[in-house]
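I opened this notebook to keep a record of what I looked up, entry by entry, beginning with a single helix and ending with the loops.

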Amino acid sequence: MKKVLINITVAIVAILLPLVFRAPYHQHILITILIWAALGTAWNLLGGYAGQVSFGHAAFFGLGAYTAGILALHYNISPWWGLLLGPLVSTLISIPVGLICFRLRGPYFALAMLALGEIFRLVFINWVTFTNGAKGIMIIPKITMKLPYYYMALGLFFLSLTITGLLIKSRFGYYFISIREDQDAAESLGIPTTRYKLFAFLPSAFITGLTGAFYMNYIAFIDPNVVFSLANVSVMIILVVMLGGVATLWGPAVGAAIYILLSEVFRTRMGAASVLAFGILVCLVIMFLPNGIVGELDGLRKMALRKMNGGEKSGLLRG
Amino acid sequence: MAFFEVRRIVKNFGGLCAVHEISFSLEKGQVIGLIGPNGSGKTTIFNLINNFFPLTAGEIYFKGKRIDSLPTHKICALGIARTFQVVKPLKRMSVLDNVMAGAFLHTGSTSQARARALEILEFCNLINKRDLDAKKLTIADRKRLEIARALSTDPELLLLDETAAGLNPKETEEAIEVIKKISRSGIAIIIVEHKMKVIMGTSEKIVAINFGREITQGEPREVINHPEVIKAYLGDHYA
């Protein structure tokens, strides 16, 4: 009951927020936070819960964005249709990628995914006739107000959160975490590990592609070095999740909010040195908050509960 | 045809022959012991049965069906569960969640899986630890958790890999009781164990191996008095 009330409060605040912050700049920051929250939550399903750390989610983000962009560029179809096609393309690509890369474990999987992102970036730079190459794709957006985009981004984040929330509370969640904790033990318990890794990968790629398509429509300009970026997409998703809390439901959202707000402050105050500030921040998080902000808070809450009740509640569904 | 049978199984790792033409079988509900000195190939046999490693040659049958080329998770789904000598708890999950992960094999419902897991934890004397993270358990409890998790998949054949290793005498007695209880519920068991007390207290038949080859198999008393078995453990001098 208490949880339902908290959720309703959060939802109301999220809906009213852009009516309080009316400046386009502020609304842009809110939209950016929601985009990263949606991406982080989707990454967390595969990387956090199922333990398959992907350094190549830019591939799916970029595919979603380019699907929307290319519809407009070549076929004169509204890029909004990209919201439908983009995630489908990302999901379709993720199937063979998963079947091949899930043969690899741990750091080898991470490296294969890193290569995947880079391959897509290079292909999209060099396939000039189809993708416009490094010149990128520009569209003229029909909607210029920020408010509609805010609510779309909110819907996107809500979708990402709901899918993740429903999955992790079911058999899927138990299987994902079992695979993360010990793949051999999971396999010996009758869990088809490759299939379940794919079950984590598909929704993750779907949401990432959808967010990419939304990004194209919102920003109205993409080029391969932006949407397939290793540092600014693939690695940034991981940092957002790490900051907020790996394998926690709300961690990626909290991480996204803090990350985007801080990066705005760093960028305006320090210019190019902001990268340095971020480097230090990441080191501090790893040293002092290895479970992320939500993860550590949850640990504290659990400790308090244990002191009060003398017993600990089921530890699977954190956050 | 026997309930479970391995027929002339061979496993070579490169030039090293780890298991050579081992054959044995057991009936439904039977308990057999697999003994042999360190490195004789006992755990390898388990890894072959549940296909962590593919066989080099030979065949394995379970309930009349050949299973040696099935993937590990299908073998478990058919009804063969195992524990690990080097325990593999799902560390950052609670004890209850560990067992639930196995119980989901036969149900999609979270509440049914939880109910089944609680039954099994009760059976294995782990019910009081259900909310602890698995990484916080003592070695004795981790061994119990291995058994509980294997039981949660509702096996007909259970492979126990040194579940009493590292336990003190009292805990060993408890482990024997749990194994007997499992056996009474009709589950067939293959036990790999160095503690003869466990083997002698539970097994109806013993297979003795050394250097991956069978020395002898048969009645427990006969096997442990067999000169080759004594030689394998204690050296030529004592045989």
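**Entry 1: a helix of chain A.** I began with the side of α5(A) on which P107(A), Y108(A), L111(A), I119(A) and N126(A) are exposed, where exposed means over 50% relative accessible area, buried under 20%, and partly exposed in between, with a 1.4 Å probe and protein chains only as cover. Before going further I noted that this is a predicted model, in which local features need pLDDT of at least 70 and side-chain atom pairs count only at pLDDT 80 or more, while totals for chains, interfaces and linings use all residues. I also noted that residues are numbered from 1 along each chain as its sequence is written, that chains are lettered from A and ligands numbered from 1 in the order in which they are written, and that side-chain values use heavy atoms, with hydrogens and water left out.

The buried residues of α5(A) are F109(A), A110(A), M113(A), L116(A), G117(A), F120(A), R121(A), F124(A) and I125(A). They cover an arc of only 165° around the axis, and therefore lie on the same side of α5(A); the arc is that of the directions from the helix axis to the C-beta atoms. I then looked for what these buried residues pack against, and found α3 (58–75), α4 (82–101), α6 (128–131), α10 (193–219) and α11 (224–227) of chain A, with contact taken as heavy atoms within 4.5 Å. Helices (H or I, at least four residues) and strands (E, at least two) are DSSP runs, numbered from the N terminus.

**Entry 2: chain A as a whole.** I find 15 helices and two strands in chain A. Its radius of gyration is 20 Å, close to the 20 Å that the globule rule gives for 319 residues, so chain A is as compact as a globular protein of that length; the radius is taken over C-alpha atoms, and the rule is 2.2 Å times the number of residues to the power 0.38. The C-alpha trace of chain A spans about 65 × 50 × 40 Å along its principal axes, and 52% of the 319 residues count as buried.

**Entry 3: a helix of chain B.** Which residues of α4(B) are buried? I noted A113(B), A117(B), I120(B) and L121(B). Seen down the axis, the buried residues of α4(B) fall within an arc of 100°, so they line one face of the helix. On the other side of α4(B), S111(B) and E122(B) are exposed, and the cover over the buried residues includes α3 (95–103) and α5 (139–151) of chain B. After α4(B) comes N125(B), whose phi is positive, near 60°.

**Entry 4: chain B as a whole.** Chain B has nine helices and ten strands. The radius of gyration of chain B is 18 Å, close to the 18 Å that the globule rule gives for 239 residues, so chain B is as compact as a globular protein of that length. Buried residues make up 55% of the 239 residues in chain B.

**Entry 5: where the chains meet.** The contact takes 25 residues from chain A and 28 residues from chain B. Between them the two chains bury about 2300 Å², with 55% of it on carbon and sulfur atoms; buried area is the accessible area (1.4 Å probe) that two parts lose on being put together, summed over both. Y174(A), E181(A) and L189(A) supply 27% of the area that chain A buries against chain B, more than any other three residues.

**Entry 6: residues in loops.** I looked up W80(A), which is found in the loop between α3 and α4 of chain A and is partly exposed, with a relative accessible area of 26%. Leaving aside neighbours within four places in sequence, W80(A) is in contact with I143(A), Y149(A), M152(A) and N217(A).

N132(A) is placed in the loop between α6 and β1 (137–138) of chain A, and its phi is near 70°, a positive value in a residue other than glycine. In chain B, F211(B) lies in the loop between β9 (205–210) and β10 (213–218), has a positive phi near 50°, and is exposed, with a relative accessible area of 65%.
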